[in-house]
Amino acid sequence: MANREALRELQSRLASRLQAARTQGVQAGWLAVEAAGQKYLFPLAQSGEIFPYTPAQQVPYTQEWFLGVANLRGGLFGVIDLASYVSGKAPAQRSDAGRAESRLVALNQLLEINCALLIDRLAGLRNTDAFVSSGSAPEGSPDYFGSGYTDANGAYWQEINLQALSQQPQFLSISA
């Protein structure tokens with residue numbers, strides 16, 4: 001019970017900070033998330049609303065990483081398992097506790113694609129001051145990978161350009 005309340009408070013704070021960042025020009029540049037143990041940064045300008053985990057209605061004959069469609073606030077969104085899409089592996093099974101922490105991060109409406117990415121955990125907002133070093137994406141990385149950043153604890157964070165991701169032919173071709 002306490003965990004659910006803490007998660008709701010975190011989501012409320014993040015939503016408030018995201019709104020403040022958009023309207024007041026706060027320095028936060030990314031929404032930090034985790035998926036399958038990897039740490040990712042979504043540019044705030046390309047990120048949309050954050051939703052609690054909602055099971056998707058499966059769609060037959062689609063890629064494994066396309067989990068189906070979900071009704072999110074009256075809109076129909078395709079749900080993509082981010083970790084599965086990036087790794088090219090089948091989606092991992094999530095426990096009840098794992099689903100409780102999972103979130104759906106919609107892409108910004110300006111990208112004109114009704115899509116939400118399933119992530120395992122929100123990690124807050126970040127700006128360049130949160131990192132001690134940065135560099136280019138690792139060699140052989142997908143086109144939608146931006147710069148990589150290392151924080152003071154030595155954790156590596158990979159930026160994902162959501163606009164570039166949403167225009168990838170593979171991302172747009174969900175049929176199996």
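Predicted model: local features only at pLDDT ≥ 70, side-chain atom pairs only at ≥ 80, totals over all residues.

Me: Which residue forms a salt bridge with Arg121?

Reply: The partner is Glu34, and the closest N and O atoms of this pair are 2.7 Å apart. Glu34 lies in strand E1 (residues 30-35) and Arg121 in strand E8 (residues 121-126), so the pair ties together parts that are 87 residues apart in sequence.

Me: Is Glu34 buried or exposed?

Reply: Glu34 is buried, at 15% relative accessibility.

Me: Which residues are linked with Glu34 in a network of salt bridges?

Reply: The network links Glu34 with Lys39 and Arg121. In the pair of Lys39 and Glu34, the closest N and O atoms are 3.1 Å apart. Lys39 has 24% relative accessibility and counts as partly exposed.

Me: How many salt bridges are there in total?

Reply: The count comes to three salt bridges. One of them joins Arg73 to Glu49, with the closest N and O atoms 2.6 Å apart.

Me: And where do Arg73 and Glu49 lie?

Reply: Arg73 lies in the loop between strand E4 (66-72) and strand E5 (75-81), while Glu49 is in strand E3 (residues 47-52), so this pair ties together parts that are 24 residues apart in sequence.

Me: What about accessibility for Arg73 and Glu49?

Reply: Arg73 is exposed, at 70% relative accessibility. Glu49 is partly exposed, with a relative accessible area of 34%.

Me: Changing topic: what volume does the largest pocket have?

Reply: The volume of the largest pocket is about 380 Å³. There are 19 residues lining this pocket, and those closest to its centre are Tyr53, Gln58, Leu67, Pro91 and Gln93.

Me: Which elements give two or more residues to the lining of that pocket?

Reply: Those elements are E4 and E5.

Me: How do the lining residues divide into nonpolar, polar and charged?

Reply: The lining of the largest pocket has 10 nonpolar, five polar and four charged residues.

Technical notes: Residues numbered from 1 in each chain as written. Heavy atoms only, no water. Salt bridge = Lys/Arg side-chain N within 4 Å of Asp/Glu carboxyl O. Buried < 20%, exposed > 50% of the residue type's maximum accessible area, 1.4 Å probe, protein only. Helix = DSSP H or I, 4+ residues; strand = E, 2+ residues; numbered from the N terminus. 1 Å grid on protein atoms, 1.4 Å probe; cavity = no way out; pocket = protein on both sides within 12 Å on 5 of 7 lines; lining within 4 Å. Points joined across faces, edges and corners; volume = space filled by probe spheres on them. Nonpolar A, V, L, I, M, F, W, Y, C, P; charged D, E, K, R; others polar.
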